[in-house]
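The sequence and structure come next.

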Amino acid sequence: MVTPGQWIAGARPRTLPNAVVPVMVGTGVAIGEGGFIWWRAVVALLVALSLQIGVNYANDYSDGIRGTDDQRVGPMRLVGSRVATPPQVLAAALGCFAIAAVLGLTLVIATRAWWILLVGAAAIAAAWFYTGGRTPYGYRALGEASVFTFFGVVPVVGTAYVQTEHLSWAALAASIPVGLLSCSMLVVNNLRDVGTDGKSGKRTLAVVLGEERTRKLYAACLIVPFVIAVAMLPVAPLAAAAVLAAPLAIIPVKTVLHGAVGPALIGVLQATGKLQMAYGLLFALGLAITL
């Protein structure tokens with residue numbers, strides 16, 4: 001039987017900042033615009049967490065049945081390591097998606113914005129077809145584009161919208177650095193697995209670009225968000241407080257640019273998550289406080 005600890009490991013807790021940070025920033029925008037509604041923010045967070053965990057289990061299942069995870073450098077995968085059967089992991093993924101759908105429906109009913117149903121359906125479809133289906137787009141170098149959209153633009157703008165009930169340019173602008181930081185997690189993850197992914201036929205963006213350009217892409221994903229925070233000074237002066245998190249970017253960027261491979265990149269993934277959380281918290285606070 002799969003132990004609770006193994007289910008938690010399979011959920012990949014280190015990726016959860018991808019779910020938490022966009023909701024924090026979207027809520028920061030809502031507070032700054034005077035539209036904060038606490039329970040809607042909480043529900044939005046639960047939706048994001050359910051989707052993140054669901055996509056992690058879905059990837060575990062799809063990669064596992066294809067044999068992509070038979071030789072891994074990174075954290076344990078449930079199917080690939082044979083500690084859980086594919087049907088068990090598939091059920092966990094579908095259960096998470098179902099929870100996200102039910103919770104999301106409460107926000108649709110509360111706002112009466114029925115078009116959100118289409119956005120939610122697209123998010124679940126993107127989560128599944130990343131590595132699922134006959135032609136998974138994650139195997140075609142499109143993973144980063146999806147992460148930027150569904151763990152950047154959609155959750156930040158969506159979280160702000162369900163509270164303020166209007167689309168905001170501030171939310172759209174704030175979603176860009178959030179999306180880039182979410183992408184950085186996937187970029188370094190795929191950089192770590194570039195060798196095994198290439199051999200198994202999984203053509204991630206890292207495989208297509210090659211190691212050197214992937215390392216530069218990772219650095220850009222960490223540096224550009226600070227540039228954007230400063231660029232927002234005219235409209236949200238305190239959002240620039242996010243630059244206080246910049247020191248946390250130094251070690252992971254240097255490690256990646258200096259050629260770290262394999263297990264050494266696991267520590268980079270952890271550091272990236274910490275940077276993402278620190279940036280997100282400071283950015284959200286800066287957006288929430290208006291002068």
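## Positive phi after α11

Gly259 follows helix α11 and has a positive phi, near 95°. Helices here are DSSP runs of H or I with at least four residues, numbered from the N terminus.

The model is predicted: local features need pLDDT of at least 70, side-chain atom pairs count only at pLDDT 80 or more, and totals for chains, interfaces and linings use all residues. Residues are numbered from 1 along each chain as its sequence is written, and side-chain values use heavy atoms, with hydrogens and water left out.

Helix α11 spans residues 247-257, and its buried residues are Ala249, Pro252, Val253 and Val256. These residues lie on the same side of α11 because they cover an arc of only 100° around the axis, the arc being that of the directions from the helix axis to the C-beta atoms. Buried means under 20% relative accessible area, exposed over 50%, and partly exposed in between (1.4 Å probe, protein chains only).

The cover over the buried residues of α11 includes α7 (169-192), α10 (211-231) and α12 (264-288). Exposed Pro247 and Ile251 are on the face turned away from the buried side of α11.

Most residues other than glycine have a negative phi. Arg112, not a glycine, has a positive phi of about 60°. Arg112 sits in the loop between α4 (86-111) and α5 (116-129), and counts as exposed at 68% relative accessibility.

Glu165 is not a glycine either, and its phi is positive, about 60°. Its place is the loop between α6 (143-164) and α7. Glu165 is partly exposed, with a relative accessible area of 39%.

How values were computed
Helix = DSSP H or I, 4+ residues; strand = E, 2+ residues; numbered from the N terminus. Contact = heavy atoms within 4.5 Å.
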